[in-house]
Amino acid sequence: MWAMKLVWRAARIPCILLLLTCWQAPILGMALCRAAEPQGQPLAALQSQQAPLPPVTPVAAGKPAQVPDTMAQRLKACTACHGPLGRAGPDGYYPRIAGKPAGYLYNQLVAFRDGARQYPPMRSLLTGMPAAYLREIAAFFASQHPGYAPPSISTAPPATLARGRVLALDGDPDQKLPACQACHGAILLGVEPAIPALIGLPRDYLNGQLGAWRNGRRSARAPDCMAEVVRHLSDADANAVSAWLAATPVPAGALPAVQTEQKLPLECGSLAREGSP
Ligand code: HEC
Ligand code: HEC
């Protein structure tokens, strides 16, 4: 936890400086765009009311830009931290949001807005945003697929990585711990509509999230299956599984799995009620 606190402290100063300087314009821009939005109109109609914006390079290779992507322009306040198109910040602290299932992203935006996840700079950006707009933001980032950076070389001992692999792929029946794979998908890249990827994320971020569930700073809708998973995960095992996940490369072109009828080992409220505001 000390490591996370240090990272947070180190990140806070440049964040605040940036928020005060170059983000002011995009944040204001976002607020203005939202204020100008008539409720309930489709995105295309909203886009046509915007002042013309420079075209944004499309993600899908070879596809010409048909419409200037004003959503990308509006979400510059987000991508200032989360990297271009949400592919992750440069220092491993700001997580990737691109290409994650839209229902998962939407649930997280609601959680930050309403306090079930705590990160004050995001909360202030999201305060007052209606569910319909959060859905548009979630859909935008879910549809972005910039390439993944290769994982950083792990400094964890081989025995730790081996233990992490077993936990991720098989779980530990003695600890009543289901395999991460049973919910997060065969290649651990998440499952539509509401289960996120576990690979393609830095170790500090993964450890931070498991720690947040443990100490109550993060929660998901009840029944909160991740809170239950974390109850059966020792500190050493949490560290081992994060180390292995962070060292596992994302296969080129891979996407989150599509939900199957397969029953999950625990009930997860984020799935059952995904989509409600
Ligand atoms: C000041 C930097 C900053 C800004 C601006 C910011 N974020 Fe974040 N975001 C973060 C950090 C740091 C986290 C991880 C917080 C934590 O530890 O739980 C995060 C987490 C997230 C997550 C959860 C990711 C996951 O895998 O669970 C989503 C989704 C997200 N942000 C979307 C957005 C959107 C959309 C915006 C713009 C409206 C935005 N963020 C603006 C820094 C930022
Ligand atoms: C019973 C199903 C289930 C199992 C088993 C499970 N998870 Fe999860 N996990 C979820 C769900 C659902 C979420 C999304 C929660 C939310 O909406 O915030 C999640 C979210 C997460 C996140 C947050 C990711 C992010 O981008 O912020 C992490 C980290 C995580 N799980 C790690 C693990 C690890 C490690 C294991 C194995 C030890 C595991 N999970 C096993 C269902 C599961």
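Is K176 buried or exposed? Keep that in mind as you read; point 5 has the answer.

1. **What you are looking at.** This is a predicted model, in which local features need pLDDT of at least 70, side-chain atom pairs count only at pLDDT 80 or more, and totals for chains, interfaces and linings use all residues. Residues are numbered from 1 along each chain as its sequence is written, while chains are lettered from A and ligands numbered from 1 in the order in which they are written.

2. **The overall build.** The chain has 14 helices and 0 strands. Here helices are DSSP runs of H or I with at least four residues, strands are runs of E with at least two, and both are numbered from the N terminus. Of the 277 residues in the chain, 35% are buried. A residue is called buried if 20 or more other C-beta atoms lie within 10 Å of its own, exposed if 12 or fewer do, and partly exposed in between, with C-beta atoms placed from the backbone. Among contacts in the chain with a separation of 6 or more, 69% are between residues 24 or more positions apart. Two residues are in contact if their C-beta atoms, placed from the backbone, lie within 7 Å.

3. **Around ligand 1.** Start with the 23 residues around ligand 1, of which C78, C81, Q108, Y119 and P121 come nearest. To be near a molecule or strand, a residue needs its C-beta atom, placed from the backbone, within 6 Å of it. The elements giving two or more residues to this shell are α5 (76-82), α6 (102-114) and α7 (120-126). The biggest share comes from α5, with 5 residues. By class, the shell around ligand 1 holds 19 nonpolar, 3 polar and 1 charged residues. In this scheme Ala, Val, Leu, Ile, Met, Phe, Trp, Tyr, Cys and Pro are nonpolar, Asp, Glu, Lys and Arg are charged, and the others, Gly among them, are polar.

4. **Around ligand 2.** Ligand 2 is surrounded by 27 residues, and the closest are C180, C183, A220, L266 and S270. Two or more residues each are given to this shell by α6, α10 (181-184), α11 (203-214), α12 (225-231) and α14 (269-272). Sorted by class, the shell around ligand 2 has 23 nonpolar, 4 polar and no charged residues.

5. **Two positive phi angles.** Back to the opening question: K176 is exposed, because 12 other C-beta atoms lie within 10 Å. K176 sits in the loop between α9 and α10, and its phi is near 55 degrees, a positive value in a residue other than glycine. L188 also has a positive phi, near 65 degrees, and is not glycine either. L188 belongs to the loop between α10 and α11 and is buried, with 24 other C-beta atoms within 10 Å.

6. **Two cis peptide bonds.** The bond from E192 to P193 is cis, with omega near 0 degrees; P193 lies in the loop between α10 and α11. A cis bond also joins A222 and P223, with omega about -5 degrees, and P223 is in the loop between α11 and α12.

7. **How α6 meets α8.** Two packed helices are described by the angle between their axes and the distance between the axes. For α6 and helix α8 (residues 131-142), the angle is about 135 degrees and the axes are 8 Å apart. Axes are lines fitted to C-alpha atoms, for helices over the stretch in contact, and angles run from 0 to 180 degrees between N-to-C directions. The pair is therefore oblique: under 35 degrees counts as roughly parallel, over 145 as roughly antiparallel, 65 to 115 as roughly perpendicular, and the rest as oblique. On the α6 side the contact includes A102, L105 and Y106, and on the α8 side it includes L134, R135 and I137. The residues of this contact divide into 11 nonpolar, no polar and 1 charged.

8. H145 is in the loop between α8 and α9 (158-169). H145 is partly exposed, with 15 other C-beta atoms within 10 Å.
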